[in-house]
Amino acid sequence: MNKKRIVIALGGNAMLRRGEVLSAENQQRNINLAAKLIKQLEQDCDIAIVHGNGPQVGLLALQNSAYNEVPTYPLDNLVAQTQGMLGYMLLHALTEQGMSDVSCLLTRVEVSASDPAFLEPTKYIGPVYSPQDQAELEKQYGWKMKQDGQFVRRVVASPKPVQVLESNSIISLLEQGRTVVCCGGGGMPVVQQEVGYLGVEAVIDKDLVAAMLAEQIGADYLMILTDADAVYQDWGTPKQKALRDVTVSQMRPFAAPDGAMGPKAEAVIQFVERTGQRAFIGALQDIEQILLGEKGTCVRPACTVVPEEPLVV
């Protein structure tokens, strides 16, 4: 059977629910559930999995800061550590589901040294804090902090991805029939030097990296899984309505830089415009129904006719 190639972007809720203690036990339990759901696609799809790392990389940064006998490790190093830890957890969970051919690949993602994001940090990492603690935390750690709902949270630079450096290795693994866990936490951020690459202080948005990866490896679909079951029009009002099938132009108003949906909308628009393929946004628990067109939001090129048959059967 000719399988479809899909890139799945797992949101932080797949590994840790808001308010849960950031323990290994809690994360493994949530990852086990994600693996059970991803397993449903194995028969029809070759799968590359990208995951977030916001809470985990923030915790590592805190632990680094607490031990002042050693200089704190830079963020690219901490991203690499979270790639290894969460990749191991996903590998364990996927193999427990019977997916024996699974590879985890440490992945670098090139960014531009002149990206304006380095001057204006926006990416949330780590735990949430009371607004009353903001001034003390900024003074103690030298952090930049911003409002996150009713709390405040540390923010770091989040430059746009330029390319996934290990994309050829990912293609090779997929062609061998392996499920690949890669680009964890958006990938280790690096900038090009005269010879090789240099790591930088940043955390790249994992949805934008998933879109970049999907384009580079010739994926048929991009699926961004989050805690929202679809993209909604008039969200939070009596007229709110789940959008099931939309074109890029209909999706564009949701790509505002603020809000949780903005980067996800930007990512699916980028992938669909550059490849002419379809992208999806939906809830992890609906993963199979999303590809069947029964749940979630499908984003397609304007010229594409809505298919009468499911995309995956």
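Reply: Let us begin with a sheet: β8-β4-β10-β11 is the order of four strands that form an open sheet with mixed pairing. Helices (H or I, at least four residues) and strands (E, at least two) are DSSP runs, numbered from the N terminus, and two strands pair if DSSP finds at least two bridges between them. The edge strands, β8 (161-164) and β11 (197-199), each pair on one side only. From one strand to the next, the twist averages 40°. Axes are lines fitted to C-alpha atoms, for helices over the stretch in contact, and angles run from 0 to 180 degrees between N-to-C directions. The model is predicted: local features need pLDDT of at least 70 and side-chain atom pairs pLDDT 80 or more, while totals for chains, interfaces and linings use all residues. Residues are numbered from 1 along each chain as its sequence is written, and side-chain values use heavy atoms, with hydrogens and water left out.

Me: Which strand does β4 join by three bridges, and which helix packs on this sheet?

Reply: Strand β4 (residues 108-111) is joined by three bridges to strand β10 (residues 188-192), and the two run parallel. Within this pair, E110 stands opposite V190 in β10. Helix α6 (residues 206-216) packs on the sheet and touches β4 and β8, its direction making about 45° with that of β8. Contact means heavy atoms within 4.5 Å.

Me: Is E120 buried, exposed or partly exposed, and what does it contact?

Reply: Buried means under 20% relative accessible area, exposed over 50%, and partly exposed in between (1.4 Å probe, protein chains only). E120 therefore counts as partly exposed, at 39% relative accessibility. This residue is found in the loop between β4 and β5. Leaving aside neighbours within four places in sequence, E120 is in contact with K144 and K146.

Me: Where is V70 found?

Reply: V70 is found in the loop between α2 (54-66) and α3 (75-96). Because its relative accessibility is 38%, V70 counts as partly exposed.
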